[in-house]
Amino acid sequence: MYRKIIVAIALGGIDNGERILRKAASLLDAGGEIIALNVVEDVPSYVAIELPANMVEDAMKDGREKLETLIAAAGVTATVEIANGPPAKAIISTAESHGADLIIVASHVPDFSNYFIGATADRVVRHAKCSVLVDRQKI
């Protein structure tokens, strides 16, 4: 069905990661590629002064290690990519740079401020140039 799938996995919601990786594998064409993506957000400069200088680099390394462990546990073949910046923008940019034809994002249980599908998922759905599958968390 799909040649190249970006699976966006937030480390805070890594428990959903195995499920959405398997979902991606079930939707992948033979010879296709899955890219497991984690985005490390930038730290505002007024906050960064109080934090260790290598905090973002350490977070990116930690993200890579956790995604590699998750991929092995899911039994799926995937490439790991770590991006830096605003999550929705980084997800869309990664999808465009890889020529992806599907993005899979997990959505958390919403609160009033992002009632329908979540802030990041909502932005990805609105601005992506390819199909987006939003995997809803069961309440």
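Predicted model: local features only at pLDDT ≥ 70, side-chain atom pairs only at ≥ 80, totals over all residues.
Residues are numbered from 1 along each chain as its sequence is written, and side-chain values use heavy atoms, with hydrogens and water left out.

**Entry 1: the sheet**

I took helices (H or I, at least four residues) and strands (E, at least two) as DSSP runs, numbered from the N terminus. Two strands pair if DSSP finds at least two bridges between them. On this basis I found an open sheet of 5 strands with parallel pairing, in the order S3-S2-S1-S4-S5. The edge strands, each pairing on one side only, are S3 (79-84) and S5 (131-136). Neighbouring strands are turned by 25° against each other on average, direction ignored; axes are lines fitted to C-alpha atoms, for helices over the stretch in contact, and angles run from 0 to 180 degrees between N-to-C directions.

I then looked up individual pairings. S1 and S2 are joined in parallel by 6 bridges, and Ile5 has Ile34 in S2 as its bridge partner. S2 (residues 28-40) also runs parallel to S3, with 6 bridges; there Asn38 stands opposite Ile82.

**Entry 2: helix H1**

Which residues of H1 are buried? I listed Asn16, Gly17, Ile20, Leu21, Ala24 and Leu27. Seen down the axis of H1, these fall within an arc of 140°, so they line one face of the helix; the arc is that of the directions from the helix axis to the C-beta atoms. On the other side of H1, I found Asp15 and Ser26 exposed. The cover over the buried residues of H1 includes S1, S2, H3, S4 and S5, where contact means heavy atoms within 4.5 Å.

I also checked the length of H1. The expected span of a helix is 1.5 Å times one less than its number of residues. For the 14 residues of H1 this gives 20 Å, and the end C-alpha atoms are 20 Å apart, which agrees.

The buried residues of H3 are Gly63, Leu67, Leu70, Ile71 and Ala74. They lie within an arc of 95° seen down the axis of H3, so they line one face of the helix. The face turned away from that side carries exposed Lys61, Thr69 and Ala72. After H3 comes Gly75, with a positive phi near 70°.

H5 (residues 119-127) lies across S4 (102-107) and S5, and runs at about 155° to S5.

**Entry 3: the cores**

A nonpolar core is a set of buried Ala, Val, Leu, Ile, Met, Phe, Trp, Tyr and Cys residues joined through side-chain atoms within 4.5 Å. The largest has 19 residues, of which Ile5, Val7, Ile9, Leu21, Leu67 and Ile104 touch the most other members. S1 (2-8), H1, S2, H3, S3 and S4 each supply at least two residues of this core. Apart from it I found another core, of 18 residues, including Ala8, Ala88, Ile103 and Val124.

Finally, I noted that S1 is mostly covered, with 5 of its 7 residues buried.

Note on methods:
Buried < 20%, exposed > 50% of the residue type's maximum accessible area, 1.4 Å probe, protein only.
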